[in-house]
Amino acid sequence: MFETISVPRKVIETNVNDAFPFVSKISDISDIKQFRERISEYKEYRIQCFDKGFRVSDLLNSQTKSLDDFLAKIFEKYIARFDYLALVAVGGYGRKEQFLESDIDLLIVSKLDPIPYEAKEAIESFISFLWDLKLDLGTSVRTIKETILASREDITIITNLIETHFIAGNQSLYEDLIHSITEDDFWDDEKYFDAKVKEQNERYHAFRDTIYSLEPDIKNNPGGLRDLHIMQWLALKIYHLGKYDNLHTIGLLTKEEYDEYLACRDFLWDVRYAIHCNSNSNILRLDFQKSIAKTLGYGDEGNAPVEAMMRDLYRIFHRVLELNNMVLQQVSIDIKGYVGDEFSEPVFLNNAFVQRGQYIDVIDHEIFKNDPEKMLDLFLAIGSHPEINKIHVNCLRALREGRRELKDHLITIPQCRKKFKQILTSTDSLPLVLRLMHETHVLSSYMPQWARIEGLAQFDRFHLFSVDEHTIRVLSNLNELAIKREPIYQLFRNVRRKIADPEILFCAALLHDIAKGRGGSHAAKGAKEAEAFCILHEFNEYQTNLISWLVGAHLMFNTTATRRDTTDLEVINNFADFVQDEEHLNNLYCLTVADISATNDNVWNSWQDNIFRQLYQATKLAVTQSEADLVKSMLLQANEKRERAIEITRDCKKDDLLRYMRQFPNDYFIHYSVEDISWHARNILRYRKNDEPLILFSQTPNVGTELLFYYKSTSPSMFTNLVITMAVKQMNVFSAQIFLTHDFHALCTIMFQNKKGQPLDHDRLNGLRKAILTGLKEDSQVLNLSTINHKIFEVPTTISYLDSKSEKQTKLEISTLDRQGLLAKIGITLGNLGCLIRAARITTTGERADDYFAITDSNGLPLDANRKEELSVALKKALDE
C-alpha cells in the first residue's frame, strides 16, 4: 500500500458556497469599472477561501460555475440573438480546472459558414469587452468545419477540444461539435499517442529531464500536472472514457494506483493554488517558497518547512512520473502490442528476467516480494546488457510492490552488499544503473543514507537541482566530460585517463554529498559516512582511505582555486601538502570538475577552467619536486609566457615590450594567458594619455565581459571608485585581479555580467566607460543604489585573516551574502581606513560571496593586530547593516 502524502494545511469539508459565499454587487452589466473592481474582489475572495482551508476541488468547481454564469451574462448581452453561435470552454477551463492565474480558454463556434458580418461584429464587441476587463483570454472563433480542420493541423487544438463544456448559446450546436470531433478519424489512436509522447519528451527536455529542479514548474515539470493530464487525454481519446469511468475502470491503472493518482493530483492542486496566491506563474520560486510552505501548513521557522515541502513535492513528482510511465507503456501495448520504437522478440536473460528491446521485464510478477535480493540482480542485468536502458511496465509494477513491502533496507543483507559493490565496479554502466535505481527508489531502499538526501532541496541559487539529482549528474559527468571535445574539458579528459582505479572516483562521487542537510560540515561528516560505507562493503584499506579523503576534501580544490592566490608559492605548497601525491590530486580534480559542472548549466567556463588549470599544474609540480625546483619551474613558466607574448605581439618593438614587462611581478605572467598578456601589452604601449586610465573591454562567450583597467595611482580610493561605478550601473562582478607594477601603475581586470548574467552590448559599454572616468575624478563617491535586493537567504558575514609566512602583506578573506554593491561597500571601507589593495580575487557562488584581498597600509606595510581588529569591526558594520 502506498503512503498517502498530503499538504498539512487544515481543510474545511463544508461547501465553500454555503459556508463563505461571494456576493456580487454589480448593478450595471456595461460598467467596466464596476466589473474590474468585482473581478479584483473576487480574486481576493478566492485567496481568502484558500487561506481559510476550503478544498481546492471545491474552489475550482465554484470558480468554474461563477465564470460560466458571468460569461453567459456577457454572451447574452452581446451575442445571444445569433442563435447559430455557441460559447464553449476548452483547455483547462474546459475540464473545469480554472486556477486563479490560468488563461480563460474560449471557443465561439458557428453553425453558419461563413460567419455573417453582423455576428462577427458582435463577437468582436464581446471579446473587446472581456479584454477591457483585463482578463487573460485565449479565444478562437470558428465554424465546425474550421474547427475540425484546425484540430487536424495542431495536436494542441485537438487536445483542447477533448475536454470541453458548454457555457451559453446553441446547445445542440455544441453537441454537433462534440460529435464531429469524436467521429473525425484524422487522429487515429496510434498517431495521437505518438504525437503526445513526442510532445511530452520535448517538454521533459525543456525542463532538463528531471523532477528535481529547485524551482519547479508545478504544471509543466516532469511529474507535474501536465503528466496527469496526458493520462486523462489518452483515456478520453483512445479509450472513450465515459462520464462515470476513470483510469481504473478502463484498465489503465489498478484501484490502488488510481487512488494514488488522485492523491497526487490533490497535492499538486494545493501547491499550484498556493503559488497563484503569490504569483501569476506556475513556478515555485525560491523567493516565495517560505511563504508557500507556511500557507500549506509546513510552518515558518528557518528552512526546515521549505525542505519538508520540497521533499514531499519531489515524492509526488516521482509518483506521477512513475504512473505516467506505466500508463504510456500500457497504452502502447494495447495499441501496438509492444513498447518502444519497434517490436523485438523477447530474449530470456536468465530464469528471472527477459529482455524486450530496450526494456527489461520480469518473468514472475511476485519475484521481488518473494526475494528482495532480486532487485539488485535486476540492475546487475541492466549493467551487463548495454542495449537495455528502460524498465518494462510489468517489471515496474513488480518493483513498486516489492519495494513497498520491504521491512528493512537492503544494505542490511550481506548478499545485497556484495551485489551492490559489484554494481559499483562497472563504471561504464554505473551512471545509468544508479540513475535507474534512483528513479525507481531502489537506491533509497538499499541505503538509508541515500533516503536522507533523496529530494533534499539546496536552498541557494548556485545549484539547480536537489542533492540526490545533483549527485546522479556528477556520476554521469565522470564519463560524459571525458569524451567532450570542448577546450574547457581538455585537461579533464587528460587527467581522467590517468585515474588508476575509477571505482574509487565513482564511489566518492556517489557519497560526496551524502551528509548534506544534517548541519555543520557535510564534507567532514560525509568522510566518516564514506569510511563506514567502504568498510561495510569490504573495500581494501587504501581504497577506503582515499574514498573517505575525497569526500572530506571535495570542496578544497574549488575553494583554493577560486578564493586564494594560486600564484603564491605558499598557497601552492600548502595545497600540495594537503593532496599528498599525484593520484590524490588527479582524483580530487576530476571529482571537483564533475561536481561543479553538475550544479548548473553555465558555471563551468573558460575562466573557471583557467584558474583550475593553474592550480592543478602548479600542485602537480609541487608534489613531485622540491620547493627549490618548484620555484625554478614557476620562474621558467613565467619566462616562457613572457617570451611567447613578446613573440606574438609583432606590432610593438621588442625593446619597448621588454621594458614594459619588467615592470610586472612573475605572478602576473603565471596568472594570465599568453594571449591576455599580449593584449594588455599591445594596448598599454599604444596608449599615450598618461593622465587618464586606459579602459578596455573584451567579450568572452558564455562567461561575460572583461574590463582591463590600467592607471598610475596609489590612492586607496581608486579601486573603490571603480567598483562603486560598477555597482551603480548594476554590474555583477564575479572575478577581479589587481597587479601593481614597479612604477606604481595598477593593472586591474574585472570579469562581470549584467543582471541577467549576460555580456554587455556595445552601447552600454560606452556608457560604462564614461561613468568610470567620471567616478575616478571624484574624491569620494557616494554609493546610491536604485534597487534593493529582497533578502531570502541567510549567509552570515565572516572576516578572517589568513596565516602566512610572508610579512609583506595582510591576507584577508570575507564571506558574506552576495548583493548589489557588495564589492563597493568593501572598497569604501578599505579606502576609509587607508588600506591599499595589492591583489584581489572576487568569487560569487549563487547567493554567497567569498572575496580575497591582499592589503597593506598606506605605507606599504602589513596591518598590525589593532588595525586588523578595527578593519573587522568596520567591515562587519558596513556589510551587516
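Reply: Gladly, and please keep in mind that this is a predicted model. The largest cavity has a volume of about 70 Å³, and a search of the whole structure finds one cavity of 30 Å³ or more.

Me: Which residues line the largest cavity?
Reply: The lining consists of Arg564, Asp565, Thr566, Thr567, His671, Gln737, Phe739, Ala839, Ala840, Arg841 and Tyr852. Sorted by class, four of these are nonpolar, four are polar and three are charged.

Me: And which strands each supply at least two residues of that lining?
Reply: Strand S11, residues 732-740, and strand S15, residues 836-845, each supply at least two, and S15 gives the most, with three residues.

Me: OK, let's look at S15 then. What order do the strands of its sheet have?
Reply: The order is S13-S14-S16-S15, in an open sheet of four strands with antiparallel pairing. Strand S13, at 798-801, and S15 are the edge strands, each pairing on one side only. On average, neighbouring strands in this sheet are turned by 15° against each other when direction is ignored.

Me: Which helix packs on that sheet?
Reply: Helix H36, spanning residues 822-832, packs on the sheet and touches strand S14 (810-817), S15 and S16, and the direction of H36 makes about 25° with that of S16.

Me: How many bridges are there between S15 and S16?
Reply: S15 pairs with strand S16, residues 848-856, over nine bridges in the antiparallel sense. Within S16, alanine 849 stands opposite threonine 844.

Me: What about S14 and S16, how many bridges there?
Reply: S14 and S16 are joined by eight bridges, again in the antiparallel sense, and here threonine 816 stands opposite alanine 849 of S16.

Me: Is S16 largely enclosed or open to the outside?
Reply: S16 is largely enclosed by the rest of the structure, because eight of its nine residues are buried.

Me: How many bridges do S10 and S12 pair over?
Reply: Strand S10, residues 704-712, and strand S12, residues 745-753, pair over eight bridges in the antiparallel sense. Tyrosine 711 stands opposite alanine 746, which is in S12.

Me: Switching topic, I clicked on glutamate 529. Is that one buried or exposed?
Reply: Glutamate 529 counts as buried because its relative accessible area is 18%, which is under the 20% cut-off. Glutamate 529 is found in helix H24, residues 522-536.

Me: What is glutamate 529 in contact with, leaving aside neighbours within four places in sequence?
Reply: With those set aside, the contacts of glutamate 529 are Gln449, Arg452, Ile514 and Arg518.

Me: On to the backbone. Which peptide bond is cis, for instance around proline 114?
Reply: The bond from aspartate 113 to proline 114 is cis, with omega near 5°. Proline 114 is in the loop between strand S2 (104-110) and helix H5 (117-132).

Me: What is the phi of lysine 96, and where does that residue sit?
Reply: Lysine 96 has a positive phi of about 65°, although it is not a glycine, and lysine 96 is found in the loop between helix H4 (91-94) and S2. With a relative accessible area of 41%, lysine 96 is partly exposed.

Me: And arginine 208, what is its phi?
Reply: Arginine 208 also has a positive phi, of about 60°, without being a glycine. Its place is the loop between helix H9 (189-206) and helix H10 (225-238).

Me: How accessible is arginine 208?
Reply: Arginine 208 counts as partly exposed, because its relative accessibility is 35%, and that category lies between the cut-offs of 20% and 50%.

Conventions. Residues are numbered from 1 along each chain as its sequence is written. This is a predicted model: local features need pLDDT of at least 70, side-chain atom pairs count only at pLDDT 80 or more; totals for chains, interfaces and linings use all residues. Side-chain values use heavy atoms; hydrogens and water are left out. On a 1 Å grid over the protein atoms alone, a cavity is a set of points where a 1.4 Å probe fits but cannot get out, and a pocket is an open set with protein on both sides within 12 Å along at least five of seven lines; lining residues have an atom within 4 Å of a point. Grid points are joined across faces, edges and corners, and a volume is the space filled by probe spheres set on the points. Ala, Val, Leu, Ile, Met, Phe, Trp, Tyr, Cys and Pro count as nonpolar, Asp, Glu, Lys and Arg as charged, and the others, Gly among them, as polar. Buried means under 20% relative accessible area, exposed over 50%, partly exposed in between (1.4 Å probe, protein chains only). Contact means heavy atoms within 4.5 Å. Two strands pair if DSSP finds at least two bridges between them. Axes are lines fitted to C-alpha atoms, for helices over the stretch in contact, and angles run from 0 to 180 degrees between N-to-C directions.
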